[in-house]
Amino acid sequence: MDFAFEPYRIKVVEKIERTSREERQRLLVAAGYNVFKVPSSAIYVDLLTDSGTGAMSDLQWSALMSGDEAYACSRSFKDFEDTIRDIFGYKHVIPTHQGRAAEGLLFTAMVKPGMVVPNNIHFDTTRANVEHVGGIALDCVDDAGLDPRLEAPFKGDMSLRKLSQAFEKYGKDRIPFVMLTITNNSGGGQPVSMGNAKAVAAFCREMGVPLIFDACRFAENAWFIQQREAGYRDVGIKDICREMFALGSGCTMSAKKDALVNIGGFLCLDNDDWAQAATNLLILREGFPTYGGLAGRDLAAVAQGLREVLDPDYLAYRIGQVARLGERLDELGVPHLKPTGGHAVYLDAKRMLPHIPQAQFPAQVVTAALYVEAGVRAVEIGSLMFEHRDPDTGKLVPPEMELVRLAVPRRVYTHTQLDYVADACAKVMALGERLNGLEVTWEPPSLRHFTAVLRPVGGGPLLAGL
Ligand SMILES: *Cc1c(COP(=O)(O)O)cnc(C)c1O
């Protein structure tokens, strides 16, 4: 079969408008060089995120119509709960409106000020939610996961050395649980091996501390295990998922990723007391425990999406499409993180624009230029998103990598459209030293990348000579 063959036919289409370079230039300036504030009607190919941007199937749309809107104990909740228990295997299933709400419940209930939560790499909302309750979000990914040139099969793996150092430094009383993000979004959508998950779980057991998964892309992670890890070639995707989740005591999940819906999430926990504490907060903030901030129809669409995401043909297409974009970039000489992840290609902005110092946001410059030159919306995963204060020294620390994420929505764009994106990246890189750095003129207290206002350094143009 063809590489990345689409295992579907297109039933409904949505028109995309074209814009001129001048119009995009004007819109970007008005948006403070922050593509989060550019109207989607002026975007040609939108790779800002794969979160909630996927196309639902005919069966999911049907589920929306047949959803049960009863306030309590609806049929749709039953379907949601049964499907999640079948795959994840945890005792308590707590619906939330999206992933960060699940994080908020878990961290508010379990993390006290001064506590430390290790993770391979915390996603931005995860880090922010830990810090919001006074905790310390600690990244313990293996060094391999921080080397953008290294070709290795499981660059999401956690370093057992860093993890045990964290326990030595802070003591296990300050560590309420350990998290493992599958796949590791902020480290390039890289998978975590079953072997590593088992080792982390064994270490956690030894320490008497639970392991909680950030499960947003669990099916993509399972597909990588099936393809790359010895002994898993003939194991089914669902069985791999079950084996993985059996290693932990719960998970947070954004259904906007691997549940193939536009909104939704959940928190799963085995521990009755933790689940009770989270449910108390749920009722306060989200809704009754059988809908948690979602409509019955949304729960039904999540259940259907979770069944569909386990299809090996879907996963081969999904991950194959992302890999294909990476190969195009290779042909054009555009540096990106190797190997390509499950949901996105991450351009290496430090190597694309080596003349721009990290303090001038090279990844944000690439993001801004991609929009102006081609109408492509990507997202910065570099200093703007991840610069943070060292908890010990109080100094600002830039992240290791300056990445531009091209996140591919699920079942939305064709190979032709992604070829256009690859060409756009090459075009931006060719602008080279004509591109100037950026500086922040306003920022909020946290999660600044969403709303920060920037301008080219010194107030000049982004692209010299125009
Ligand atoms: C998207 C994401 C989240 C947060 O989920 P939302 O639905 O956007 O709130 C948490 N962790 C990871 C790894 C994610 O990719």
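What follows is a chat about domains, cores, the ligand and one glutamate.

Q: What kind of model is it, and how are residues numbered?
A: It's a predicted model, where local features need pLDDT of at least 70, side-chain atom pairs count only at pLDDT 80 or more, and totals for chains, interfaces and linings use all residues. Residues are numbered from 1 along each chain as its sequence is written, and side-chain values use heavy atoms, with hydrogens and water left out.

Q: OK, which domains does the assignment give?
A: Domain 1 (21–50 + 312–459) and domain 2 (58–308); the bounds come from an automatic or database domain assignment.

Q: How far apart are the C-alpha centres of the two?
A: They lie 26 Å apart. The contact (heavy atoms within 4.5 Å) takes 32 residues from domain 1 and 36 residues from domain 2.

Q: And the largest nonpolar core, how many residues has it?
A: It has 65 residues, and Phe88, Val178 and Phe213 are among those with the most contacts inside it. A nonpolar core here is a set of buried Ala, Val, Leu, Ile, Met, Phe, Trp, Tyr and Cys residues joined through side-chain atoms within 4.5 Å; buried means under 20% relative accessible area, exposed over 50%, partly exposed in between (1.4 Å probe, protein chains only).

Q: Where does that core lie relative to the domains?
A: Between domain 1 and domain 2, because both give residues to it. There's also a second, separate core of 62 residues, including Met352 and Leu438.

Q: Back to Phe88, what does it touch?
A: Leaving out residues up to four places away in sequence, Phe88 touches Ala215, Phe218, Phe245, Cys251, Met253, Phe266 and Leu306.

Q: Switching to the ligand: how many residues surround it?
A: 16, with Arg100, Asp214, Arg217, Ser254 and Lys257 the closest. A residue is counted if one of its heavy atoms lies within 4 Å.

Q: Which polar side-chain atoms lie by its oxygen atoms?
A: One from Gln98 lies 2.9 Å from a ligand oxygen, and one from Arg217 lies 2.8 Å from a ligand oxygen. The cut-off for a polar contact is a pair of N or O atoms within 3.5 Å. On the nitrogen side, a ligand nitrogen is 2.7 Å from a side-chain N or O atom of Asp214.

Q: Last one: is Glu373 buried or exposed?
A: Buried, because its relative accessibility is 12%. Glu373 lies in helix H14 (residues 362–374), and the residues it touches include Arg21, Arg24 and Lys427.

Technical notes. A polar contact is a pair of N or O atoms within 3.5 Å; within protein, one must be able to donate a hydrogen and the other to accept it, and residues adjacent in sequence count only if both atoms are side-chain atoms. Helices (H or I, at least four residues) and strands (E, at least two) are DSSP runs, numbered from the N terminus.
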